[in-house]
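Subject: Structure for your files, with notes

Dear colleague,

Please find below the structure that I am handing over to you. My notes on what was found in it follow directly after.

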Amino acid sequence: MKAGDLVIVKQTIGCHTPPRYRDRGLGVVLKVAASKPITFHGMGEFQLGDNVTVYLSSGEQEVFCEESVKAV
């Protein structure tokens, strides 16, 4: 995924079983940046993936986890 790609955003809400989603609609990728790893005491570092900045069709600009963003 790169800047300028058209995407659909389906955001996962919380950690429910079964999962709950919020459909955010179409958008254009503005920026993709690596997120900082998180560290758990005694377990080490974990990479969370990339942060994707998206300009949504609603006119909002938001940052999403790469798992919430799918290229069209």
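**What was found**

β1 and β2 (20–34) each supply at least two residues of the nonpolar patch, where strands are DSSP runs of E with at least two residues and helices are runs of H or I with at least four residues, both numbered from the N terminus. Before I go further, please note that this is a predicted model, in which local features need pLDDT of at least 70 and side-chain atom pairs count only at pLDDT 80 or more, while totals for chains, interfaces and linings use all residues. Residues are numbered from 1 along each chain as its sequence is written, and side-chain values use heavy atoms, with hydrogens and water left out.

To return to the patch, its members are L6, I8, L26, V28, L30, Y55 and V72, and together they make a nonpolar surface of about 610 Å². Patches are made of residues with over 30% relative accessible area and no salt bridge, like charges being joined within 9 Å and nonpolar side chains (Val, Leu, Ile, Met, Phe, Trp, Tyr) within 5 Å. Accessible areas come from the Shrake-Rupley method with a 1.4 Å probe, and for residues only the protein chains shown count as cover. The largest share of this patch, 3 residues, comes from β2. L6, for its part, has its place in strand β1 and is partly exposed, with a relative accessible area of 43%; buried here means under 20% relative accessible area, exposed over 50%, and partly exposed in between (1.4 Å probe, protein chains only).

As for the overall architecture, the protein has 0 helices and 7 strands, and its C-alpha trace spans about 45 × 30 × 20 Å along the principal axes. Buried residues make up 22% of the 72 residues, and the protein exposes about 5300 Å², of which carbon and sulfur atoms supply 55%. Among contacts (heavy atoms within 4.5 Å) with a separation of 6 or more, 40% are accounted for by residues 24 or more positions apart.

In soluble globular proteins, nonpolar side chains tend to be buried together. The largest nonpolar core in this model has 8 residues, namely V7, V9, V29, V52, V54, L56, F64 and V69, a core being a set of buried Ala, Val, Leu, Ile, Met, Phe, Trp, Tyr and Cys residues joined through side-chain atoms within 4.5 Å. β1 (6–13) and β5 (50–56) each supply at least two residues of this core, and β5 gives the most to it, with 3 residues.

T53 lies in strand β5 and is buried, with a relative accessible area of 10%. Leaving aside its neighbours within four places in sequence, T53 is in contact with V28, V29, L30, K31, Q61, E62 and V63. Another buried residue is S68, with a relative accessible area of 9%, which is placed in the loop between β6 (61–65) and β7 (69–71). With the same exclusion of neighbours within four places, the contacts of S68 are I8, V9, K10, Q11 and T12.

A search of the whole structure finds 3 salt bridges, each defined as a side-chain nitrogen of Lys or Arg within 4 Å of a carboxyl oxygen of Asp or Glu. The side chains of K2 and D5 form one of them (3.3 Å, N to O); K2 counts as exposed at 54% relative accessibility, whereas D5 counts as buried at 17%. E60 forms a salt bridge with R24, the closest N and O atoms being 3.4 Å apart, and this pair links distant parts of the chain, with E60 in the loop between β5 and β6 and R24 in strand β2, 36 residues apart. The side chains of E62 and R24 also meet in a salt bridge (2.5 Å, N to O). E62 lies in strand β6 and R24 in strand β2, so this pair ties together parts that are 38 residues apart in sequence. Through shared partners, these salt bridges join R24, E60 and E62 into one network.

Finally, the peptide bond from T17 to P18 is cis, with omega near 0°, and P18 lies in the loop between β1 and β2.

With best wishes
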